[in-house]
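User: I'm new to this one. Can you walk me through it?
Analyst: Here it is; ask away.

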Amino acid sequence: MQNEKLTFQTENLDGLTVVRIAGELDLEVASQMRSVMEPLMELSDRKLILNLRDLKYIDSTGIGILISIVKARHSRNAPFGVEEVPSTIQKLFDMTGITPFLAASPNA
Amino acid sequence: MRNDGTVTLTVPAKAEFVDIIRLTLYGIAAKMKFSFEEIEDMKVAVSEACNNAVLHAYDHSQPGQLEVSFTVMGDDRLQIAVSDSGISFEQVSDRSTSTLHGKSIEEIQSGGLGLYLMQALMDEVEIRSNQGTRVILTKRRLAQETV
């Protein structure tokens, strides 16, 4: 059962998985986020994109999860990135310095 | 809203109460006519302070309380004090702030980001540790036309 505070919608396209994350990504839903993402992180033959258009809130808890996804995908040599990042969230990505790690590698 | 009014909220130090704190913060800051962006900044900073208390202040078998007080200072400053009566902050983590700038994928980690964001998003951050920890965050509203 998903907590309605944070919802996930996964779309499998050709060689690409897009996960649309909507709601608030905070400490309360961190373990839910990790358990949804873990199996997807393993799929090294597919490009993984998180669509953040409907993400309303993130803090260092969520950014920490993104760091672990970045590292897991890097160790599998598998592309990962984010798209449609709202400006308030992009500001936090830029401040913390995670932005350059969230650009999917072009050789997808 | 002005003249040194204080609103205090006491909640269990658990993750599912941190959004209640954010909602209260939103209500007070919007009433003080902080901008959308300023309110978003404060939401993150206050949540980081609450997260620290939720994660580190208390033994998991005996969760304690989190007290958050919002004080309106003058007509353009909001001070938010997040207090717990658990293990003091300096005993559970170093006070270093850290970002990912200039680091390689192998080097990046999330430690220090929360404290960094508090300092970057607020005008003042003070951390007092005595019997528990008290994090005092202050933000001044940018000057704008008052109606």
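Analyst: Strand 3 of chain B and strand 5 (residues 132–140) of chain B run antiparallel and are joined by 8 bridges. Strands here are DSSP runs of E, at least two residues long, and helices are runs of H or I of at least four, numbered from the N terminus; two strands pair if DSSP finds at least two bridges between them. This is a predicted model, where local features need pLDDT of at least 70, side-chain atom pairs count only at pLDDT 80 or more, and totals for chains, interfaces and linings use all residues. Residues are numbered from 1 along each chain as its sequence is written, with chains lettered from A and ligands numbered from 1 in the order in which they are written.

User: Which residue is the bridge partner of I80(B) in strand 5 of chain B?
Analyst: L137(B).

User: What about strand 2 of chain B, how does it pair with strand 3 of chain B?
Analyst: Strand 2 (residues 65–73) pairs with strand 3 in the antiparallel sense, over 8 bridges. The two form a hairpin with 3 residues between them, and G74(B) in the turn has a positive phi of about 60°.

User: Why is strand 3 of chain B largely enclosed?
Analyst: Because 6 of its 8 residues (77–84) are buried, meaning 20 or more other C-beta atoms, placed from the backbone, lie within 10 Å of a residue's own.

User: New topic: K43(B), buried or exposed?
Analyst: K43(B) counts as buried, because it has 23 C-beta neighbours inside 10 Å. K43(B) is found in helix 2 of chain B.

Methods:
A residue is buried if 20 or more other C-beta atoms lie within 10 Å of its own, exposed if 12 or fewer, and partly exposed in between; C-beta atoms are placed from the backbone.
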